[in-house]
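Keep the sequence and the structure side by side as you read.

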Amino acid sequence: MGTPVDAEQAWADLQRIRVPQERVYDELERCTVTGRRGYLPIAAVMWVYLAVSGLDLPPWSLWTALVAYVGVLAAMGVRSSRKSRVRLHRSRYTWRVYAVFVVAGVLGGASIGLTSWLVEWAEMPYGSLVQATICAGLFLLFTAPANRWAFAPMRHYGSRR
């Protein structure tokens, strides 16, 4: 190299590049560490849908409840994505994020199916309320820690190569 390098200037340049990247990771960790507070509205909507779906209602009202449930979840997702200042490039998502998404879907469906079978087997009064409470509770119990685990390695993603 023919050009001399000023160590102090190189360090200042490195800090100018590194600090915004660290802020992005700090914001990402802040968003995932909020714990159950961020998941309470989702669990509440899930609870209402499961409680209503267990009632003896005409089929058109169950389809209306399903459409409303999906619509509210979509609206919450859009609102959350607009509120967040962090936009990760798709290559920043690790295998953990995809694994948590798939496992959460499977476990959510399994908990709904299992509690539905148990409620019918036990012939419980107000079974849909019991089913909704158990499923929403399991959602709250496992979702926040799983998301913290999934997003934990984001800060070190670039340095692993």
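In which helix is Ser128 found? Ser128 is found in helix H5. Helices (H or I, at least four residues) and strands (E, at least two) are DSSP runs, numbered from the N terminus.

## Basis of the model

This is a predicted model: local features need pLDDT of at least 70, side-chain atom pairs count only at pLDDT 80 or more, and totals for chains, interfaces and linings use all residues. Residues are numbered from 1 along each chain as its sequence is written, and side-chain values use heavy atoms, with hydrogens and water left out.

The predictor's confidence in each residue is its pLDDT, on a scale from 0 to 100. The chain averages 79. A score of at least 70 is reached by 73% of the residues. Among the elements, helix H1 (residues 7-32) has the lowest mean pLDDT, 69. H2 has the highest, 90.

## Overall fold

The chain has five helices and zero strands. From the N terminus on, the order reads α-α-α-α-α.

Of the 161 residues, 23% are buried. Buried means under 20% relative accessible area, exposed means over 50%, and partly exposed lies in between (1.4 Å probe, protein chains only). Contact means heavy atoms within 4.5 Å. Take the contacts between residues at least 6 apart in sequence: 81% of them join residues at least 24 apart.

## Nonpolar cores

A nonpolar core is a set of buried Ala, Val, Leu, Ile, Met, Phe, Trp, Tyr and Cys residues joined through side-chain atoms within 4.5 Å. The largest one here has seven residues: Met46, Tyr49, Leu50, Ala51, Ala65, Ala132 and Cys135. H2 and H5 are the elements that give two or more residues to this core. H2 gives the most, with four. Apart from this core lies another, of five residues, among them Tyr39, Ala43, Ala136 and Leu140. In soluble globular proteins, nonpolar side chains tend to be buried together.

What does Cys135 contact, leaving aside its neighbours within four places in sequence? Its partners are Met46, Leu50, Ser111, Ile112 and Thr115.

## The second largest pocket

The second largest pocket holds about 250 Å³ of space. The search runs on a 1 Å grid over the protein atoms alone; a pocket is an open set of points where a 1.4 Å probe fits, with protein on both sides within 12 Å along at least five of seven lines. Lining residues have an atom within 4 Å of a point. Grid points are joined across faces, edges and corners, and the volume is the space filled by probe spheres set on the points.

The lining has 14 residues, and Gly54, Leu55, Tyr126, Gly127 and Ser128 lie nearest the centre. Helices H2 (40-53), H4 (95-122) and H5 (127-151) each give two or more residues to the lining. H5 gives the most, with four. By type, the lining divides into seven nonpolar, five polar and two charged residues. Here Ala, Val, Leu, Ile, Met, Phe, Trp, Tyr, Cys and Pro count as nonpolar, Asp, Glu, Lys and Arg as charged, and the others, Gly among them, as polar.

## Residues around the pocket centre

Ser128 is buried, with a relative accessible area of 11%. Not counting residues up to four places away in sequence, Ser128 touches Leu50, Ala51, Gly54 and Leu55. Gly127 is found in helix H5. Is Gly127 buried or exposed? Gly127 is buried, at 8% relative accessible area. Its C-alpha atom is separated by 7.3 Å from that of Gly54, 73 residues apart along the chain.

Tyr126 is found in the loop between H4 and H5. Tyr126 counts as exposed, at 65% relative accessibility.

## Backbone in the H4-H5 loop

Most residues other than glycine have a negative phi. Tyr126 has a positive phi of about 55 degrees although it is not a glycine. Glu123 is found in the loop between H4 and H5. Its phi is positive too, about 50 degrees, and Glu123 is not a glycine. Glu123 counts as exposed because its relative accessibility is 69%.

## A site in H3

Val72 lies in helix H3 (residues 59-83). Val72 is partly exposed, with a relative accessible area of 37%. The C-alpha atoms of Val72 and Val45 are separated by 7.8 Å. The two residues are 27 apart along the chain.
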